[in-house]
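Here is a friendly walk through a structure with two chains to look at. Keep the viewer open as you read, and turn to each spot as it comes up.

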Amino acid sequence: MKPITTLLCVLGAIATLPAAAAPGAVLIRNATVHTVSTAGVLEHTDVLISDGKIAELGHDLNAPAGAEVIEAYGKPVTPGLFGGLSHLGIEEIGIEPTVDDYSLKLGSMRPEFDVTAAFNPESMILGVARMGGITFAMISPTAEPGAKGSPGGTIIAGQGSVTQLDGALAPKTHALFVDVGGDASALSGGSRAAQFMLLDQAISEVRSPKAMLPNDQRLLTPAGRQTLQEYLSGTGPVVFDVDRASDIRQVIALAKREKLHAVIKGGTEAWRVAPELAAAHIPVVLNPLNDLPSTFDGVGATLENAAKLNRAGVKIAFSLDDPQPHNIRKVRQTAGIAVAHGLPWEAGLAALTSNPAEIFGVASRNGSIARGRPADLVLWSGDPLEVSTLAQRVFIEGQSQPMQSRQTLLGDRYLEKLRAHAAR
Amino acid sequence: MNRAVSLMPGKRWPQALGTLILAALVTACAATPAKPSKSDKTVEPTASTQRAAPSELYPSTYRVPQNAPTLIRNATVLTGTGTRLDDADVLIVDGKIQSVGSHLQAPPQSRIVDGKGHWVTPGLIDVHSHLGVYPSPGVEANSDGNEATSPATPNVWAEHSVWPEDPGFRTALAGGITSMQILPGSANLIGGRSVVLKNVPSVTYQGMKFPGAPQGLKMACGENPKRVYGERNTFPSTRMGNVAGYREQWVQAQEYLRDQQEYEKKHAAGDKDAKPPKRDIKLDTLAAVLKGDIIVHMHCYRADEMATILDMSHEFGYHVAAFHHAVEAYKVADLLAEQGVCAAMWADWWGFKMEAYDGIPENIAFVDAAPNGCAIVHSDSDEGIQRLNQEAAKAIAYGQRVGLTIPPERAIKWVTSNPAKSLGLLERTGTLEAGKMGDVVVWNRNPFSVYALADFVFIDGALRYDRANPAFTPQSDFTLGQPAAAGVYP
């Protein structure tokens, strides 16, 4: 007989629900609070959540009348994690065009394409990711070439923005996504050199309207010029998806020349350019698991990429490479593996919290824990970077998130069936 | 009682084992013939040469190197049989596990490994890999995993696509992988024969080929075949078309086999006019499945499709060793267990296509919990194969969440003995029982952790990976001179 027990396991944290719970007030007792700020790690600390905010951090805090009290037994509390760059809310199921909205294939360069207009806060994936401790993420478009003679995208994939995992898009967090490198050559007439030629032309259409080409030779629409103008004035990050060291150097030069707020995404060979990236204050959003030359742009792939970039003073954040959003909860594992390969543990947690919050302009809301800030918190069953750890409780803006998803509903339904069978 | 074991081609074992023992003892004898007798000068292909066991063709040239005995002392040992031994020793002699226990004596000139604080497991086995057939770098020129030009290609053999210089073999070794099944892709209903490789460096795939391992047959359900061919407006474009496609093939195979058997009967009776059926290398493969010589591994996501496939296997009288991917295995865990079918699964992949929409992270734990269930953790990924132990760790945690408590000594079976069983190799590897291949991993800690790293990997008793000395393992030719050789850094 297999060990099929009859109770859901509560994994240690036992919540006491008072009879008349005051909406919103929660006291987490005796947690190890990783603030991911200069305040460091606060041992044996109570966290009081009230009115959506972290009302108090301290010892022996009193629970307000009606507050839910959670005994943490010293377990870690961290800021909610960053889910990386993905098609969250714009790709419900892979390879199904009716629920995939991440790619514009009009054959023309349209930086004004803003994928957040398609964002579906009801996506089942949000609930799955929340249960993995993810509370904020960057929604990003992807440029794809056209199939067999039909138009495709261009190297400017369009814009995305940060969303909170309760489904609220974060205001003023738009970013522009640009593809560079060998895998983007199909979007730029067959050569990566043309990627920089096309970017130069688009920039000059914005910067030098008088020298502009006739209409039929322009890359951008008036709306596109307006959009690009904003990024050229540094209002938001321009995320370059690029891996090869020489291409990263080109991006660094472009960013310097045009005063772009550049971010490197991918960055498989970024470690080889680490001092230049650090000097240019260009952060890198990487998947630290890349250790194989999946393309010739990544022949320098190494599991020490994150550790080397961090050591050189480059700000790093983690994201899966594959923009499919279903398993973005795995980003936590990538941080643990980076730590196993030389990254300090604290830097691993920062790459999931404060660093991405700073890179994408939501540091006042996300990524660290301090009194008075919105309460986006996760209580973990153990080391948050460990694969055997699960999120026990998740709070977004002080709201306790249901630890339920379509997946848990499926699991519960079929566990019943399995138990009935085993009992036969 | 498990049919996956009972249906193994039992007759071949003594011969295969004999070949291996011979190879181990007489390592210089590179030309040890695997075929029983070549003394007769028959040139004309007979039915019996047509049916030469797959392992005898394109034979393995892998030989176990001479190696000093190894004694690993005072480690936490997960044997792969469901047992955990604390503070235990593992002794490997002549490439084989000699014993596991306490206070073992080291033979003269043994290599001694201090296992204190370390965990020892059987070498990990991945039943679903495309290393070598979809190698790194992923260039079109080396994309050799899917013969997607016809929905039924039982004539192709994955081994003929394997590029041994794929740097992914080496990174998998660092993750403790000692054996793996390389499969064709899933574009076709019947994708072709698989090959089991030992994870040793070699210029040729024959130098990696697991001696005497049965071949597998890759088949695929669902979306992939119907999408690949449906988009071309050719057959099949529906799931019912998929099933009709398999059945047409099995009917042909049955006829082919019957013709062969009739010929053999006549030939044996001295009928000189008897002619063997025209040789067909597609039907050779399928007939070998019907005879139990080739093991079926089937890509299948949905529960209802798995049930259909099982009915089809009854219709034609063969056994499905394992459903691969099987994201809905948890819905039919009882059915799979009853029929002795393993499910090879990911820990947490889901949603990347419609047939993966119902994936849940408790899948592995549920399959494991069914009485006589056979859960396997597989990768189908050059990244995932590097850390099957961590995938298993996730499955343990998700099982725990719903009250299924799975100790490490049980979970290790998902990546060792259960895959070995599905490959027909459990009598040779997959556990640390005496007499089995010396395929052993020494971990720096409990392997079910994100921080776990393999310190040493032994294959047939030979040290193949030493974390403290990465240069000990040769680089693939491809990575030589490249900016960062896979896994080794300036």
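Helix axes here are lines fitted to C-alpha atoms over the stretch in contact, and angles run from 0 to 180 degrees between N-to-C directions. Please keep in mind that this is a predicted model.

**A helix pair in chain A**

Two packed helices are described by the angle between their axes and the distance between the axes. In chain A, helix 2 (residues 193–207) and helix 3 (residues 222–232) have axes that come within 9 Å and cross at roughly 95 degrees. Angles of 65 to 115 degrees count as roughly perpendicular, and helix 2 of chain A and helix 3 of chain A are therefore roughly perpendicular to each other. Which residues make the contact? Helix 2 of chain A brings A:Ala202, A:Ile203, A:Glu205 and A:Val206, while helix 3 of chain A brings A:Arg225, A:Leu228, A:Gln229 and A:Leu232. Sorted by class, this contact has five nonpolar, one polar and two charged residues.

Elsewhere in chain A, look for A:Thr302 in the loop between strand 14 (284–286) and helix 6 (305–311) of chain A. Is A:Thr302 buried or exposed? A:Thr302 has 26 other C-beta atoms within 10 Å, and 20 or more is the cut-off for a buried residue, so A:Thr302 is buried. A:Thr302 and A:Trp271 are 31 residues apart in sequence, and their C-alpha atoms are 8.8 Å apart in space.

**Where the chains meet**

Now turn to the two chains together. Contacts link 49 residues of chain A with 50 residues of chain B. On the chain A side, helix 7 (331–340) and helix 10 (406–423) of chain A are the elements that give two or more residues. Helix 10 of chain A gives the most, with eight residues. By class, the chain A side that touches chain B divides into 26 nonpolar, 15 polar and eight charged residues.

**Chain B: the overall picture**

Chain B has 13 helices and 17 strands. Of its 490 residues, 56% count as buried. Among the contacts in chain B with a separation of 6 or more, 71% come from residues 24 or more positions apart.

B:Phe323 stands opposite B:Ala343 in strand 13 of chain B.

Helix 7 (residues 281–290) of chain B is mostly covered, with seven of its ten residues buried. The buried residues are B:Leu283, B:Asp284, B:Thr285, B:Leu286, B:Ala287, B:Ala288 and B:Val289. Just after helix 7 of chain B, B:Gly292 takes a positive phi of about 85 degrees.

**Backbone details in the loops of chain B**

Most residues other than glycine have a negative phi, and most peptide bonds are trans.

| Site | Backbone feature | Value |
|---|---|---|
| B:Ser136 to B:Pro137 | cis peptide bond | omega about -10 degrees |
| B:Phe235 to B:Pro236 | cis peptide bond | omega near -5 degrees |
| B:Asn233 | positive phi, not glycine | phi near 55 degrees |
| B:Asn372 | positive phi, not glycine | phi about 65 degrees |

Where do these sites lie? B:Pro137 is in the loop between strand 6 (124–129) and helix 4 (168–174) of chain B. B:Pro236 lies in the loop between helix 5 (223–230) and helix 6 (239–268) of chain B, and B:Asn233 is likewise found in the loop between helix 5 and helix 6 of chain B. B:Asn372 sits in the loop between helix 10 (363–369) and strand 14 of chain B.

The two asparagines can also be described by their surroundings. B:Asn233 has 7 C-beta neighbours inside 10 Å and so counts as exposed. B:Asn372, with 13 C-beta neighbours inside 10 Å, counts as partly exposed.

Note on methods
Residues numbered from 1 in each chain as written. Chains lettered and ligands numbered in written order. Predicted model: local features only at pLDDT ≥ 70, side-chain atom pairs only at ≥ 80, totals over all residues. Contact = placed C-beta atoms within 7 Å. Helix = DSSP H or I, 4+ residues; strand = E, 2+ residues; numbered from the N terminus. Nonpolar A, V, L, I, M, F, W, Y, C, P; charged D, E, K, R; others polar. Parallel < 35°, antiparallel > 145°, perpendicular 65-115°, else oblique. Pairing = 2+ DSSP bridges. Buried ≥ 20, exposed ≤ 12 C-beta atoms within 10 Å, placed from the backbone.
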